[in-house]
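Subject: Structure handover

Hello,

Here is the structure for your files. My notes follow below it.

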Amino acid sequence: MTDIPKDHPRYDSLITREKIVEGIKMGITSQQGLVAQGRGESFDYLLGEKTTRSAAIAERAAVAHILLAENPIISVNGNTAALVPDSLVALADVCGATLEVNLFHRSVARIHRITQVLKSHGAGKVLGGKAEKRLDLSHDRAIVEEEGIFSADVVLVPLEDGDRCEKLVEMGKTVIAIDLNPLSRTSLSATVSIVDNVTRALQNMIQFAKDMKHEKHESLLSVIEEYDNNVVLSDTLYIIEENLKSNAKSRGI
Ligand code: PTJ
């Protein structure tokens, strides 16, 4: 990994890039993952590179869904395995969810390597190695495990491509997306759209889960009932607009 000085003004962003590059070298992240990361970075810049108030509301609602679920699954791809393996394992642990490796650029070797990385970070059961079921999609993200995504009631899909998200919603599942682009098909079709960097979102969700874990069923249900994904998405767009305006103003443009 390149040695990035801690006082570099873009330290966090540069370290994140290094992790993706490292993931490619380890054979867990696809080269396309670099492009996806770049796209995410540009939206993160517009969001002020921090968790917005609407992202925090979505993260809390997402945790309520996961805690109430019967079979919650956290889908893991090559980017999240490189960026946040420890947070994925911690969130699964605190919420009683199961991890399933699910790849767009699928290869058995990459699934195996990602599984090993998750296990080296303390994961127990990791699904994804068995090609048991196929969602009605023409690409390989369709391949899922029967006890995992196929039968899940709640699925967390960080950095997803839109068509599988739409398909899972069509199948009647609650889909929680983490995607920095508020206008992606994923964000527009998910039940709960968390527009935040996966590096921050999972940390916040772990904390929410620790705080909410012992709350009563009814109180978690009311978090879900009060949640409105359209309000959250439109507030996110408003925040981007305000950030752009104040940035331009402060630079005298
Ligand atoms: O490992 P694989 O084979 O499953 O492939 C994973 C990628 C991410 C390459 C694949 O799913 C893909 O091509 O995704 P897309 O269609 O580029 O979508 C990724 C979305 O995630 C985009 O809308 C990005 O803005 C967003 N994104 C990128 N980095 C982050 C992010 N969202 C949150 N946190 C990030 N760090």
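Cys95 counts as buried, at 10% relative accessibility; buried is under 20% relative accessible area, exposed over 50% and partly exposed in between, with a 1.4 Å probe and protein chains only. The sulfur of Cys95 is 19 Å from the closest cysteine sulfur, that of Cys165, which is too far for a bond. Cys165 is in no disulfide either, and Cys165 is buried with a relative accessible area of 0%. The structure holds 0 disulfides, a disulfide being a pair of cysteine sulfur atoms within 2.5 Å.

On provenance: this is a predicted model, in which local features need pLDDT of at least 70 and side-chain atom pairs count only at pLDDT 80 or more, while totals for chains, interfaces and linings use all residues. Residues are numbered from 1 along each chain as its sequence is written, and side-chain values use heavy atoms, with hydrogens and water left out.

Now the sheet. It is open and has 6 strands in the order 3-2-1-6-7-8, with parallel pairing. Strands (E, at least two residues) and helices (H or I, at least four) are DSSP runs numbered from the N terminus, and two strands pair if DSSP finds at least two bridges between them. Strand 3 (126–127) and strand 8 (192–194) are the edge strands, each pairing on one side only.

Strand 1 (residues 72–76) is mostly covered, with 5 of its 5 residues buried. Pro72, Ile74 and Val76 point one way from strand 1, Ile73 and Ser75 point the other way, and all are buried. In a regular strand the side chains alternate between the two faces of the sheet.

Strand 1 runs parallel to strand 2 (residues 98–101), joined by 4 bridges, and Ile73 stands opposite Thr98 in strand 2. Strand 1 also runs parallel to strand 6 (residues 154–158), with 3 bridges between them; here Ile74 stands opposite Leu156. Strand 6 in turn pairs with strand 7 (residues 174–178) in the parallel sense over 5 bridges, with Val157 opposite Ala177.

Helix 10 (residues 198–212) packs on the sheet and touches strand 6, strand 7 and strand 8, its direction making about 130° with that of strand 7. Contact means heavy atoms within 4.5 Å. Axes are lines fitted to C-alpha atoms, for helices over the stretch in contact, and angles run from 0 to 180 degrees between N-to-C directions. Helix 6 (residues 108–120) lies across strand 1, strand 2 and strand 3, running at about 150° to strand 2.

Regards
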